[in-house]
Amino acid sequence: MASPKSKDSSMPEQDLPAGRRDGSNAKPRPRPVRRTSRYSPADVHEIFRRLSVQRPEPKGELEHVNAFTLLVAVVLSAQATDAGVNKATRALFKAADTPQKMLALGEAKVGAHIRTIGLWRNKAKNVIALSEALIRDHGGAVPEDREELVKLPGVGRKTANVVLNMAFGQHTMAVDTHIFRIGNRLGLAPGKTPEQVEQGLLKIIPDEYMRHAHHWLILHGRYVCKARKPDCPACVIADICKAEEKTTSIPAPLVPIVPLDPLDEVQAETKAD
Ligand code: SF4
């Protein structure tokens, strides 16, 4: 195969100084990161069809009773396990399930409820501040709008996407550590930032699967396509997957999965990463 021409074609290649073959000393440019999916629309459809058969009605694992408690639970879940958050919020949400009640409870009591969760001091402050902001700016309701949600204390794009998807059924994609890994490892939606992966996934996932796609990918990443060692023999998309790390091309049997009970969930999360 012909090699690309050097800039100075009059100079024979063997006379070029050390460094780049075109004679410049500039460092070779890093290879551009592939930004498009490695999968055809039919492959993507089949991936989500299988994930939907496995978990027909996937539920987020964060317990909540309304949009407000979901928002609080997601804010508390940063750098904490869902099971750990659920343990703390059961009593908290019994005491306060609206911004008004949360404000009345006060920062010290909120802190006492969530003391087992990492960064609890800061999170207690944010829960009170976001309750105040909801009352002041939104009449105590959780806004159905990403721009408004991200103005609330402690709420970033990912949290806003989770709330829009779970509380309001919007077709958003909240990219957490599992989805970011899957997007890149499989080449499903490669990207250097969560937002690039988010945009890539939104482009390729068929509309009919968008409602639950976020949960399917999180659960797949948490329990099967794990960070350190993907469990390829247990994977229902092993024949379609194009990840370099995959260890088998034989897909696992496609059967519905029984949800884990809370204790198994804690153990599985501990083992997952
Ligand atoms: S085959 Fe392996 S690497 Fe590919 S999605 Fe399944 S678990 Fe992940």
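The shell of residues around the ligand divides into ten nonpolar, no polar and three charged. In this predicted model, 13 residues surround the ligand, and the closest are Cys 225, Pro 230, Cys 232, Cys 235 and Cys 241. The protein chain that holds them has twelve helices and zero strands.

**The chain as a whole**

- Read along the sequence, the pattern of the protein chain is α-α-α-α-α-α-α-α-α-α-α-α.
- The protein chain has 273 residues, and 34% of them are buried.
- Take the contacts in the protein chain between residues at least 6 apart in sequence: 56% of these join residues at least 24 apart.

**Helices α2 and α8**

- Two packed helices are described by the angle between their axes and the distance between the axes.
- Helix α2 covers residues 67–76 and helix α8 covers residues 157–168; their axes come within 10 Å and cross at roughly 145°.
- The crossing in which α2 passes α8 is right-handed.
- On the α2 side, the contact is made by Ala 67, Leu 70, Leu 71, Val 74 and Val 75.
- These residues meet Thr 159, Val 162, Val 163, Met 166 and Ala 167 in α8.
- By class, the contact of α2 with α8 has nine nonpolar residues, one polar and no charged.

**Asn 161 in helix α8**

- Helix α8 also contains Asn 161.
- Asn 161 has 23 other C-beta atoms within 10 Å; a residue counts as buried at 20 or more, so Asn 161 is buried.
- Beyond its neighbours within four places in sequence, Asn 161 is in contact with Thr 172, Met 173 and Ala 174.
- From Asn 161 to His 171 the separation is ten residues in sequence and 8.7 Å in space, taken from C-alpha to C-alpha.

**Helices α9 and α11**

- The axes of helix α9 (residues 177–185) and helix α11 (residues 207–223) come within 8 Å, and they cross at roughly 85°.
- Angles of 65 to 115 degrees count as roughly perpendicular, and α9 and α11 are therefore roughly perpendicular to each other.
- Helix α9 contributes His 178, Ile 179, Arg 181 and Ile 182 to the contact.
- Helix α11 contributes Leu 217, Ile 218, His 220, Gly 221 and Arg 222.
- The residues of the contact of α9 with α11 divide into four nonpolar, three polar and two charged.

Methods
Residues numbered from 1 in each chain as written. Predicted model: local features only at pLDDT ≥ 70, side-chain atom pairs only at ≥ 80, totals over all residues. Axes fitted to C-alpha atoms, helices over the stretch in contact; angles between N-to-C directions. Helix = DSSP H or I, 4+ residues; strand = E, 2+ residues; numbered from the N terminus. Left-handed = near helix turned anticlockwise from the far one by under 90°. Contact = placed C-beta atoms within 7 Å. Nonpolar A, V, L, I, M, F, W, Y, C, P; charged D, E, K, R; others polar. Buried ≥ 20, exposed ≤ 12 C-beta atoms within 10 Å, placed from the backbone. Near = placed C-beta within 6 Å. Parallel < 35°, antiparallel > 145°, perpendicular 65-115°, else oblique.
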